[in-house]
Amino acid sequence: MNGNSPMSKAFPKGFLWGASTSAYQVEGASREDGKGPSWQDEKVMPEGTTDFAVAADQYHHYKEDVALMAQMGLKAYRFSIAWTRIFPQGDGAVNPKGAAYYDNLINELLAHGIEPVVTMFHFDYPMGLQKKGGWSVRESIDWFCRYANTLFDLYGDRVKYWLTINEQNLQTLYGKLIGTFHAGADCQNELQDIYQQNHHMFVAQARVIQECHRRFPDAKIGPALNVALAYPLTPKTEDVLAAQNYNSIRNWYYLDALVRGERNQIVRKYLEDRGALPIEEADDYDEMKKAHPDFIAFNYYNSLCCEADDGSTQGMDAKVFVARGIKGLFKGCKNPYLETTQYGWEIDPEGLFAVARQLQERYGLPLLVTENGLGNRDELVDGRVHDSYRIDYLAKHIEMMRRAVEEGCNFIGYCPWSAVDLVSTTKGITKRYGFIYVDRDETDLRQCRRYRKDSFYWYQKVIRSNGTEL
Ligand code: BG6
């Protein structure tokens with residue numbers, strides 16, 4: 001291998017080769033051992049699509065799952081803690097059985113040499129707090145801080161990597177679809193309300209990050225957004241401006257606030273024009289400036305494409321806030337150069353390279369991929385799943401990550417979605433992502449038996465070779 005070979009710069013030593021899940025999508029046991037209800041337990045699923053009551057039943061299979069993850073060679077497991085297992089109503093007294101579950105899971109991981117990477121909040125807000133106003137009210141900042149502090153009390157001696165909130169940006173932009181948008185009691189303007197909720201999340205995270213640093217100087221903590229670049233459909237200036245608008249609305253607004261404690265001017269103007277600026281307290285942004293996350297964690301699946309709004313973009317879609325565009329700012333469109341998955345998501349490995357160098361250039365922080373993967377209708381035949389399409393997808397993305405490392409991007413880990421099959425946000429268990437197949441379907445739970453897919457053995461090899469054998 002010479003100096004110019006594609007494999008000339010290996011991934012750094014100690015690179016966190018991992019895999020991800022989230023509590024409500026993988027655990028099941030949604031009402032067991034004192035767990036309280038969350039947004040996701042109340043979500044109405046489309047006809048014929050499973051809810052999250054049993055999911056992949058990891059709550060009862062965690063030992064088996066950890067053993068399989070260890071066999072795969074994982075160095076890290078990124079999972080989330082269900083707020084409603086710790087505090088069934090979101091606040092009040094700790095539920096000992098819920099706390100014990102994560103204690104056991106963390107110990108099991110550590111015993112197998114797997115680093116726990118813990119998301120505090122992944123789409124499953126407690127209904128108990130929602131009834132008190134949820135993220136719309138300023139007290140939500142204190143509720144989140146108290147919850148986070150409790151996690152530090154319980155697990156801070158063993159957890160070295162913390163993620164505050166998963167995909168705050170998609171919760172803001174697509175909350176109605178994901179089941180995370182609930183209008184505040186006094187809501188007059190939904191756009192203002194969602195950005196108010198978002199602002200409370202900013203301040204809450206800034207406080208939690210500072211607290212983590214104060215209490216655990218060796219721990220690392222950061223936000224986990226979904227970062228994807230919007231490309232202009234053509235080089236026409238108005239299309240380029242449309243892409244800039246979309247990138248600020250989808251990506252930079254969040255990172256500018258969370259990493260630099262700065263207001264993004266494009267988004268400010270967009271909100272101001274619509275009477276939707278959040279109410280802020282005088283020192284909120286000072287607090288954000290003091291937060292200094294240790295890394296940027298990000299989820300990457302696809303890229304976006306847009307053009308100037310030709311006047312056909314309507315206001316907000318009934319289901320989401322951006323849908324096919326935002327009137328006057330951009331109009332989403334299909335990228336004619338990219339293929340898509342079975343579920344219509346663009347496949348764009350180079351897009352990961354593009355995102356990484358933008359993040360590195362803008363913010364200069366270490367990067368951690370916390371999700372990346374291919375959702376597919378996998379088939380189990382004679383105990384095997386031949387998912388070469390997934391291997392192809394992941395290999396191309398890892399190759400692009402390596403290219404970014406070679407250029408100077410400081411990646412510290414890669415945790416694709418998902419460690420085991422789990423229930424997708426809106427498409428049930430049929431849309432599978434895992435390295436490990438979970439035998440159940442939308443209606444028949446069977447035994448949730450685990451099977452290793454071809455991608456399991458492939459990823460094992462990738463990890464063993466520190467990313468050089470793809
Ligand atoms: C991310 C979420 O947006 O995408 C996950 O953090 C989600 O929770 C994943 O499952 C894939 O999306 P979907 O809709 O296919 O489940």
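Contact is taken here to mean heavy atoms within 4.5 Å. Helices (H or I, at least four residues) and strands (E, at least two) are DSSP runs, numbered from the N terminus. The structure is a predicted model, in which local features need pLDDT of at least 70 and side-chain atom pairs count only at pLDDT 80 or more, whereas totals for chains, interfaces and linings use all residues. Residues are numbered from 1 along each chain as its sequence is written, and side-chain values use heavy atoms, with hydrogens and water left out.

The buried positions are Gln168, Asn169, Leu170, Gln171, Thr172, Leu173, Tyr174, Gly175 and Ile178. These residues pack against helix H2 (39-42), helix H9 (190-215) and helix H10 (237-260), as well as strand S3 (115-121), strand S4 (161-166) and strand S5 (220-226). Gly179, with a positive phi near 90°, follows H8.

Across the whole structure, 34 salt bridges are found (a side-chain nitrogen of Lys or Arg within 4 Å of a carboxyl oxygen of Asp or Glu). One of them pairs Lys176 with Glu190, with 2.5 Å between the closest N and O atoms. Lys176 belongs to helix H8 and Glu190 to helix H9, so this pair ties together parts that are 14 residues apart in sequence. Lys176 is partly exposed at 28% relative accessibility, and Glu190 is partly exposed at 29%. A further salt bridge links the side chains of Arg260 and Glu262, at 3.9 Å from N to O. Arg260 has a relative accessible area of 30% and is partly exposed; Glu262, at 37%, is also partly exposed.

The side chains of Lys453 and Asp378 form a salt bridge with an N to O distance of 2.6 Å. Lys453 is located in the loop between strand S14 (449-452) and helix H15 (454-464), and Asp378 in the loop between strand S11 (367-371) and helix H14 (388-407), so the pair ties together parts that are 75 residues apart in sequence. Both Lys453 and Asp378 are buried. Through shared partners, salt bridges join Asp378, Asp387, Arg390, Asp421, Arg432 and Lys453 into one network.

Lys431 is placed in the loop between strand S12 (411-414) and strand S13 (436-439). Lys431 is buried but has no salt bridge, and the nearest side chain of opposite charge (Lys and Arg count as positive, Asp and Glu as negative; His and the chain ends are not counted) is that of Glu371, 10 Å away. Beyond its neighbours within four places in sequence, Lys431 is in contact with Tyr343, Trp345, Gly375, Asn376, Leu422 and Ser424. The side chains of Lys431 and Tyr433 are joined by a polar contact of 3.4 Å (a pair of N or O atoms within 3.5 Å; within protein, one must be able to donate a hydrogen and the other to accept it, and residues adjacent in sequence count only if both atoms are side-chain atoms).

There are 14 residues around the ligand (a heavy atom within 4 Å), of which Gln25, Glu167, Thr425, Lys431 and Tyr433 come nearest. An oxygen atom of the ligand lies 2.8 Å from a side-chain N or O atom of Glu371, and the corresponding distance for Ser424 is 3.4 Å. A polar side-chain atom of Lys431 is 2.7 Å from an oxygen atom of the ligand. The ligand taken alone exposes 380 Å² (Shrake-Rupley method, 1.4 Å probe; for residues, only the protein chains shown count as cover), and the protein buries 94% of that area.

Methods
Buried < 20%, exposed > 50% of the residue type's maximum accessible area, 1.4 Å probe, protein only.
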